[in-house]
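I set down here what I looked up in this structure, entry by entry. I begin with the pairing of strands and then turn to helices, cores and rings.

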Amino acid sequence: MKRIQSILMIFCMMLSIAACGPKPLTWQEQYDLGVRYLSEGNYQEAIIAFTAAIEIDPKRTETYTGLVEAYLAMGEYDKVNEVWEMVDAQEWSDELLAMISVQTQKHEAVRVALENGDPGLWITGLSYDKESFVSGQETEFKLTIFYNCPPIEEYLIYTGADTAEKDRYSFVGDGYSVHGTGIIQVPVSATPVFWKNRFFALYVSLRTENEGMEISSDRIYITDEGLVTDYYANRNHYGGTEFSARNNYQEFTSLEPSEQRRITTIAETIVQGNKDELLSLIHTEDGINGQYLTEWNGYKVEISDRDDWSVTNSLDDATDHSKWFSIEMRSENGIGYVGYVNDSYTQNTTGKESWLDYHQTVRLISCPCIDWQWNGNFLEQEWVHYFWRSPCDENERRWYHSDYVTCETVEETEMNGTMVMSLRDGKATATVHEVSNWSNHQDLDETNSWTDTYIYENGVLVSKNGETWTGGKGYHFIDGSGGGISYSDEQYGLDEKFW
């Protein structure tokens, strides 16, 4: 009996000792441990801590983010894919899915940069008090920043946030010194402000420590509902940025009266199709001297305009003074218009072998719009008028009976084609009529006419006059500039197409 009592006593003591041993770490403790190891560059230990945190609670996105960053820092890119497969296996709310999408894109950008040896920095994580943010109070944000610095020199990371003044950021603090490759967590305290139809943004910048030259930058955005996104505004149902949230957008009534008059005059003259009146608008002192997106009389409008003459002294330029404006006017459902007007002339001929006394271009395009997008048959008319002059050598002076050989040319083009979802598509024909008059020798005067045929496929020019097009590649929009627009940023292309 005594022996049994002794055994029970020993057993109780063992249980007591076991109960006094170290308790297993919580998710928060494992996560905080991983963050500490990550910031110290102890990536193997960080991986162990984050993995343990995931095992405790697999529904916390920030743990997967930390694990991905540890693998990226170690160059184990295959492991990164395995982590995202673990993420895909979980069910998430729409809000967390949005955050995961942003983080995935940022981590992919980090991977590509590290593989290519490119410097940069990326906001790969963000935590903040959502309730405080949505209520408009001053909020403490914690940014996780992955950086890859060029070798040798020390660098500084600066952080900032939107201010009440549109397109202005305010930097916070003196900067954080970094070098090499690593991860840093920094706090940013700011009161959220929202520019018209735009989201609140946090900003980071990697700069040289000595000269303060920016090497790289990144932004992350938060909607007024507290949703983290990688874009600064809502998009329309075609994927383009909401028109009124785009850079350079101004409400028409907020423009200066002189700017309102200028836009109204140009737009009305474009609709009338008055070529001579449009050309005369170049020779006024009015002008915006910039670019605006706005809305006028039921049209969405993009206008670029100058209020002074651009001057160059280059001998390679045929002219040395130029002035121009362009406008694109889209109707919601109806006919839209595009116009381009340019005038240039030569004032200083010193050192030039030949030059254009003047060169004038007026281009007018009309096309139906459906839901603000160009869709239907377009008509493009262009009128070009120039006067060319070149000094004569001794033999030419006897032939032309003048110190100069001169030629005046008028070229008129009419092009018909089709727009499909704001891109040129299918067959387009351009009929050109050209008249050249040689003022020194009338027997050289000539008149020529010809027709060019173009084939476009979803905005890309594939052939001209039956021959495969080998010239510049890019997407051809309605502006008729003659060259395709190439872009590496997919969103830029969507914004060009879809208003």
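Two strands count as paired if DSSP finds at least two bridges between them. Helices (H or I, at least four residues) and strands (E, at least two) are DSSP runs, numbered from the N terminus. I noted that Y340 has R363 in strand 14 as its bridge partner. Strand 13 (residues 333-345) also pairs with strand 12 (residues 321-331), again in the antiparallel sense, over nine bridges. There, H321 has Y345 as its bridge partner. A hairpin of one residue joins strand 12 to strand 13.

**Entry on the source.** I record that this is a predicted model, in which local features need pLDDT of at least 70 and side-chain atom pairs count only at pLDDT 80 or more, while totals for chains, interfaces and linings use all residues. Residues are numbered from 1 along each chain as its sequence is written, and side-chain values use heavy atoms, with hydrogens and water left out.

I traced an open sheet of five strands in the order 4-3-6-7-8, with antiparallel pairing. Strand 4 (169-178) and strand 8 (228-229) each have a single partner strand, so one side of each is left without a neighbour in the sheet. Strand 6 (residues 200-208) and strand 7 (residues 214-222) are joined by eight bridges. I found L206 opposite S216 in strand 7.

**Entry on helix 6.** I checked the span of helix 6 (residues 94-116): its 23 residues reach 33 Å from first C-alpha to last, close to the 33 Å expected. The expected span is 1.5 Å times one less than the number of residues. Its buried residues include A98, I100, V102, H107, V110 and L114; buried means under 20% relative accessible area, exposed over 50%, and partly exposed in between (1.4 Å probe, protein chains only). G117 follows helix 6 and has a positive phi, near 75°.

Is T61 buried or exposed? I found T61 buried, with a relative accessible area of 10%. T61 belongs to helix 4 (residues 61-74). Apart from neighbours within four places in sequence, T61 is in contact (heavy atoms within 4.5 Å) with W92, L96 and I100.

I then looked up the largest nonpolar core, which has 31 residues; L38, F50, L67, L72 and F146 have the most contacts inside it. Such a core is a set of buried Ala, Val, Leu, Ile, Met, Phe, Trp, Tyr and Cys residues joined through side-chain atoms within 4.5 Å. Helix 3 gives this core its largest share, seven residues. A second, separate core of 27 residues includes V102, F133, I157 and L202.

**Entry on rings.** I noted one aromatic cluster, formed by Y128, F133, F141, F194 and F200. Rings of Phe, Tyr and Trp (its six-membered ring) pair if their centres lie within 6.5 Å; planes under 30 degrees apart count as stacked, over 60 as edge-to-face and the rest as tilted. The charged end of R330 sits over the ring of W499, 4.2 Å from its centre. For this, NZ of Lys or CZ of Arg must be within 6 Å of the ring centre and within 35 degrees of the ring normal. R235 lies over the face of Y231, at 4.3 Å from the ring centre.
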